[in-house]
Each structure stands twice: as C-alpha cells, then as structure tokens.
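Please open the structure in your viewer and keep the selection tool at hand.

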Amino acid sequence: MTTTNKRGFAQEVWDFFCSLKLSIFLLIGLALVSIIGTVIQQGPQREYLATLSETKIRLYSALGFFDMYHSWWFILLLYLLTLNLICCSIKRLPRVWKVVSEPVLVMDDNFEKSLANVKDLKLKGSKEELKERMAAFLRTEFAAPVITESNGEYHLFAQKSPWCRLGVYVVHLSIIVIFIGALIGSFAGYKAYTNIPEGGSVSQVQTQSGKMIPLGFDVRCEKFSVSFYDTGAPKEFRSVLTVLENGQPVPGFQNRPIIVNDPLTYKGITFYQSSYGQSDEGSLYHITVRDRKGGAPVKLNARQGERVALPGGAFLSVMEATMDVRPFMRGFDGPGAQVEFTPAGGNPQPFVILSDKYESFNAQHGGDLLITFDGMDQKFYTGLQVAHDPGVWVVWFGCFLMVVGICMAFFMSHKRVWARVTDSGVTLGGSASKNPAGFEICFDDLVEKLGKA
Amino acid sequence: MSSSMLFNVTMVIYMVSTCIFFAFLASRTKAVGLAGTYAALFGFLVQTAAIGLRWKESYDQGHGHAPLSNLFESVVFFSWTIVLIFLIIDFKYKYRAIGFFVIPFALFGMAWAQLGLDSGIEPLVPALQSNWLMYHVITCFLGYAAFAVACGISIMYLIRESMEKGGGNAQAGGLLSMFPSIRILDDLNYKAIMIGFPLLSLGIITGAAWANYAWGTYWSWDPKETWSLIVWFVYAAFLHARITRGWVGRRAAILSVIGFAATIFCYLGVNLFLSGLHSYGK
C-alpha cells in the first residue's frame, strides 16, 4: 500500500507542476510582485533611505525589497515558472508530436464525424482514375498527398505546415534559452565602470560590487568633447579612445571615436559612453583685468579655487567655469566663469563673468576693475560603462526563437485535408488547428475547384 | 499649412467619428456604421499626413528625426496606431459597434496631446540618436494599440454580458442590438491580443537590444522595463487562461481590461510617478 501512496504522491506533485492553473498563478503572481521593485527604490540612495522609517527599512531589507529582482523568493518564482513550463511541455509535447509525425492517413466514418468540414462529391470515373485526378489536384491546389489503400477504397491525405503546432514549445524553449543566457552572463560576465581623464589610461575597471578587474590591455582616452544644441540640450558626447597592448597602440583601435549608441568592442569587452566630467587637475582659466580709469589690460591665469592677486589689492578666485554658457544662461553664449571677487579690504562677492563680447554685463561688478573671462584650457574625464557578457548571444538566440515560435503559434495553422475515393465519387474532409472560419473558406474554395475540374 | 493644424483637424474628425458610431448604435442603420468607419479612415489619413508633415518640419528646423521622440509625439503616434489596428479589425470583421468603444481612445489621445502637451519639435539628445528608437517605439505602440482595441472589445463584452443577465428584453432593443454576440466579442478580444502580444514581445526585445547596444545591459530592471514585463506576464496569463476551463468569457475580458490598465501605467504612469531611463527627453 505504501508504494501506491508514494506513487500517488509523486503523481500529485507531477500533476501540480503540469497544471495550467499553476502557470496562470505564477504569471499573475510574478506580475504582482514585480510591482514592488518599481515602487521601492532598488539599490537605494541614502537620501531615499532617510525618507523611510526604521521599521520599514528593517522590514524591507529582511524581505529583500531593496534588491528585489535578485532576492531568493523572486528567483524561486522564476525557477518555478521554468519548472512549470518544462513539465507542461514534457506532458503535452509527445501527443502533439504524434499528430505531427504520425498523421491519421485514413478518414473512417468515426473520424469523419469529428471533422467540421466534410463534403461528398459525385464524380464520374473509376476509383483508379479518380485517385490519380485527386492526387494531381491536391498536389497543385493544396499539398502533395499520401495515398493509402484500405477496404477497397483509396484514402488520400495532405497537410500544410504541421510543424506550426510546435510553436508553443518553441516559445517555451526560448524562455529557457534566455534564462540560460542570463545565467551565463551573471556567472561569466561583469558590468563595470571607469573614469579616464584626457590623456590618461586604465588597465583595470571596477565592477558594481567594487571588485577591480584587469582588462588585459590598456585603454587611453585621447580626447573628450561635448557639444550642445542652441537650446542648451546636449547634442553629442564623444570620447576618442586608443587600445594599447604592451604600451603599443593596436592597429584599427587607435583614435577610435565612441559616442552614446556607438560603443567600442575589443576582445569581447565593450566600452560605452556613459558620462563625463571636468577633470580635477589640469584646467587653467584665462582672465583679463582692466582698470576702468584706463591703463593696459592685464592677462592672468588661474587654477580652480586659487586666489589670484589683482591690480589694486583685490583678489579673485574662479569657482567653476564652462566653455559654453548656453545650457546655464539663456540668451548668452561663449565661455563663462563663476568667480568670487574680494575687493581690497572688503567682503567676498560671488558673480559670473563672461567673455569680452558682453562688456556691459561684466561691467556690473568688480568695482574699479573690469574683469572678463577669456576661456580655459579644459580637461575632461570620460565615464565609460564597461561590459563583458558572453551570454548575450544566447539571449539573442532565445529572443529569435521566441519571435519565431510566437509567429508559428499565432499566425500559422496546421491544415489537413482527407479524401476518400470510391467508385461513386469522393468524400473530402478537412480540419485546421486554428482559425476555423478562415479554413472553411479555404475548404469551400477547394470543393468548388474540384467540382469544376 | 502646419502639422499642428492638421492634428486639430484629425481630433475633430475622430470626434465626429465617435458621434457617428453613437448614432449607429442608436439608429441601428448599417449605412451609419459604415459612415463612422469612413470618418475614422479619413481621420487616419489626415493624421498620417500630419505626422509626415511634422517629420518634414523637423528637417526644416535642422533636427531631422522621426516624430517619435517626446511625449506629445508618442501620444499622437499611439492614437494613430489605435486607429490603424481598429481599421484592420473593422475591415476584416465589420463589427462597426466596436468603433464607439475604440475611437474615443484615439480621440482622447489627440485631445490630450493638442490641448495639454508641449508640441515643440526638440532635437534628439544623445541617448535617443539611434535607429533602434524607431524599431522600438513602432513595435511597442502597435502592441499597446492592439491592447487598447482588446480593452474596448472587453468593455463591450462586460456591458453586453451584464445586460443579458439583467433581463432578456434588453437584448431585443436598445443600443445593445448592434453589439456582436458575446461569443464573437470573446473571440475578437483574443484575436486583438494575438496581434498585440507578438508586437509587445518584439518591442521588449528591440528595447533590450537597444539598451545592450547603448549601455551594455539588455535588462536592468528599470521601472519601465519591469512594467513592460508585468504587461507581458498579464497577457501571457491571458493566453494560457484561454485554454483552461472556466477562464474564457467574463474572466478573460476582465484580464484584458487589467492588461490594458497595466499597459497605460507602463506607458504613462511610470513616467509620471516613478523614475527611470524613459523620460521622453525631459
């Protein structure tokens, strides 16, 4: 008795994983829990955490809500879905495979009754003649038939696109392939980030978890530039990169421009334009100071934050500057700098100075002095996203399978036609796996053509 | 003539079309229903011209990009795709009453775009300068539109079903008589989702391909990505429910309405309430 119980239990488990109800429950469940991670910030910033109460933070971390899509229970749901679709496929595929590989060749009376489309035609001629005629007819109008002789009658069977019945299983397989690709990526690949100042180079990059990964070669940033539209919106971020092996530039990877949406790949590692900033070291600001009462203009150079002595005992320091003020000040262009001006014996005054094109603007500040900003020798750093993902082609293959499978399952139909040939005529039967109304038109058309032939 | 004028004309035509479809339900005259479809077709052609003109205008301004880049353009395109999917289903199955439940979605979109959104043509920011933009947006919105049509049909299903339950006499007269039978509505709902689901899948795949090409990650659980997956899960559940006993009809219709609500949240809610990569250039 224990064996039957065991078997009963195993059967129950099997039935549980084969059930469509479980699929629907898992799909809707995944849809519902996925919402959590879109509402609660993932990998939360400190500012966000400050808005939450102590209890909430403790609860959310215990439930894995701050990295929900990698939490054990979310992954478990994905595994359950995978198991469910594998079991469903194993259970149903053999039956479908039988329909595809071992078609019913003979339409007997019982089978005829199960068909939606049946038509008796009175045709002249012996059954041998009719058989030949029918075979030729089906070959030109539908598909090449298989002929079987049974009980003194000829049976013809022809079918179109039987394999489209497998579409559903192709989609199921595609999901497993995509998961495999994702797993390969997560175990054998990495996502990293690096900042390279203009003229500088890197040989290793830092992953999201803080691990340093050696590239096996060097990447040098020759130049970074950013351009803007008239509206001030960014137009292009461009880094010029060179790949170096043992300090020598690699042919074909020298001075390669990369922009957003046009990355550089070398030895399976791809570099994506991601961000930029002004390099801390290097920028030199050029300023011209002129006494309003007359006298020759004085040209000065300053580094960021450096207090520069001006004629007449005042001081000036440049806080920040740009070569293009359009994004920050509507109606102005050219270089501009945020400065702090300290008149002799006075308090520091912050203001903005622009190029000599805007003399009256610059004249608003500076006391006896007229200060203009001439520009800067600016150094940027480029921020690059670095990715190595050997699983990505597996994922694309899975996506391709999914599209093919969905098209097979949704837009194609397995159409079958049977013909029973006797001396008194032909009985035609037909069925389709999908779109019965569409097949009816196709079947009636076939019958009409046969009547005329 | 400017594209903005043509968009206004489109909006008026969709309003007229909606009114004609209402008249069709009230009068039960076939010719009126046909007039509603022709009005929708005319509006669709005007809107196509308007979108083409806006595309040309962007070249005249020196930007030169397909009008699919900001919220205004996407709402206009969404209403265009809704009418396109409606017309395909209408010409194939000729159930004119559906127009009254679908064209208002397009009308609402056009009205919101024209009255409430900034219609300026902006140049493309670096992240959007890619051919993937077109493939991604077109597939996604055609999918969304098919779901909108499915939602309209499901609402008809739910109305008709509850009226029939309420009393047999409602079926004999009134607005209901022009509705297809609930069996046909159930089937049409399924057919519309069969159009939408492959397109949504393609939209998610093209989005993943683009993200991989631009950032090196095909999937980063960004709220927009996650919500598109939620929508995919809901419709996948719908498709599996079809072959399970007890999930056809009313429950399928409700699932279809929920699916469209999730679609709208994916399209708009994510941008209004959550943060992420899809900011429509804002």
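In what order do the three strands of the open sheet in chain A stand? Please note first that the model is predicted. Select β13, β12 and β18 of chain A: they form an open sheet in the order β13-β12-β18, and the pairing is antiparallel. Strands β13 (298-303) and β18 (369-377) of chain A stand at the edges; each has a single partner strand, so one side of each is left without a neighbour in the sheet. On average, neighbouring strands of this sheet are turned by 25° against each other, direction ignored.

Next, select residues 284-291 of chain A, which make up strand β12. Eight bridges join β12(A) and β18(A) in the antiparallel sense. Within this sheet, display A:T288, which stands opposite A:T372 in β18(A).

Now turn to helix α1 (residues 2-18) of chain A and select A:F16, which is found there.

Finally, display both chains. Here 34 residues of chain B are in contact with 37 residues of chain A. On the side of chain B that touches chain A, α7 (182-215) and α8 (223-242) of chain B each supply at least two residues. Helix α8(B) gives the most, with 11 residues. The residues of this side of chain B divide into 24 nonpolar, nine polar and one charged.

Definitions and conventions:
Residues are numbered from 1 along each chain as its sequence is written. Chains are lettered from A and ligands numbered from 1 in the order in which they are written. This is a predicted model: local features need pLDDT of at least 70, side-chain atom pairs count only at pLDDT 80 or more; totals for chains, interfaces and linings use all residues. Two strands pair if DSSP finds at least two bridges between them. Helices (H or I, at least four residues) and strands (E, at least two) are DSSP runs, numbered from the N terminus. Axes are lines fitted to C-alpha atoms, for helices over the stretch in contact, and angles run from 0 to 180 degrees between N-to-C directions. Two residues are in contact if their C-beta atoms, placed from the backbone, lie within 7 Å. Ala, Val, Leu, Ile, Met, Phe, Trp, Tyr, Cys and Pro count as nonpolar, Asp, Glu, Lys and Arg as charged, and the others, Gly among them, as polar.
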